[in-house]
Amino acid sequence: MTHLPQWLAAETDDRNLAGAIVSMAAASAEIAAILRAAPIEGQTGLAGATNVQGEAQKALDVISNDIVLKHLRANPAISILVSEELDEAVEMSSQGTVIVATDPLDGSSNLDVNVTVGTIFSILPTHGGVLQKGEAQLAAGYVAYGPATSLVVRIKGATSVFTLAQDGQWRLNLAEAKVPAASGEFAINTARERFWDAATRNYVSENIAGETGAAGKRYNMRWVGSMVADIHRILMRGGIFLYPLDSETVGKGGRLRLLYEANPMAWLMAGAGGKSTTGRQDILTVEPTDIHQRVPVIMGSADEVQRVENWYAKA
Ligand code: P6P
């Protein structure tokens, strides 16, 4: 059974990159321990502050961000930190060669109902600055705080899955995640139907018609409302996640953030044979203009993503 250090040694010679992943994994293990006891500690309440997105910050958002800051500040490999919880990018080590962009606790609105949430991270080369396309990533990953604590990470090759063991080691349990090209499951917040564009409406209608319509097979629908939980399900068994541009989010460019949600998840999907699109272009080719930029996010099983892109091409 391989542990994270052995996997990293096999995947890259860049010790700074490997060290950044180890730091994010260590921060996540600390966050996992806090989340397990949070309801007892009364920490799932609001922190009273609001973040740059104007969202009420939960105590655990702030605590998780502080834990990530602590671990990354102790690692001279990290030059800059971009965090959903921080208005501006934070200068770290002057010797750093990698940038970390992170959502320290994505889906935290689910914490008081004990639903899986996660830490998402993207790693970029310092020389390119914070506004680089997703295709420039050196690595990406997330930790899902669920029944098991799972680390999903990719450098350049396969997307691999680790489980946090009792002894604090990250043990490899899936060397190569594979997203089946075909799927019968889709994930979208259907309460937003009235805001959808024609492409989204047509794609979802085909799925709901199931074997009686053009899709020619039965579909099921899942929507956790926690991106890490929905994406992990899709990485493990296929499906498609949609948070498309709609008439309510069009002014902001979408709902989910490019640098620390869409790009890392697209990187992991690509490593597992999945596809990602804004509807109009591969997410990994989007040119960032702001560290908190939002984009439409459609990703998962290649055949399903292709069907959505076909509807956008017709629109
Ligand atoms: P909605 C959580 O707040 C989040 O950022 C993602 O984790 C999740 O996929 C999405 O928003 C849920 O959005 O509109 O269903 O609440």
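Below are a few quick questions and answers on a loop residue, the sheet and the ligand site.

This is a predicted model, where local features need pLDDT of at least 70, side-chain atom pairs count only at pLDDT 80 or more, and totals for chains, interfaces and linings use all residues. Residues are numbered from 1 along each chain as its sequence is written, and side-chain values use heavy atoms, with hydrogens and water left out.

Q: Is Ser94 buried or exposed?
A: Ser94 sits in the loop between strand S4 (90-91) and strand S5 (98-106); strands are DSSP E runs of at least two residues, numbered from the N terminus. Buried means under 20% relative accessible area, exposed over 50%, and partly exposed in between, using a 1.4 Å probe and protein chains only. Ser94 comes out at 69%, so it counts as exposed.

Q: Which strands are at the edges of the sheet?
A: The open, mixed sheet has 8 strands in the order S4-S3-S5-S6-S7-S8-S9-S10. Two strands pair if DSSP finds at least two bridges between them. Pairing on one side only makes the edge strands S4 and S10 (170-174).

Q: What is the bridge partner of Ile80 in S5?
A: Strand S3 (residues 78-83) runs parallel to S5, with 5 bridges between them. For Ile80, the partner in S5 is Ile99.

Q: How much of the ligand's accessible area does the protein cover?
A: A polar side-chain atom of Tyr243 is 2.5 Å from a ligand oxygen. On its own the ligand has 400 Å² of accessible area (Shrake-Rupley method, 1.4 Å probe). The protein's share of cover is 82%.

Methods: Helix = DSSP H or I, 4+ residues; strand = E, 2+ residues; numbered from the N terminus. Polar contact = N/O pair within 3.5 Å; in protein donor to acceptor, adjacent residues only side chain to side chain.
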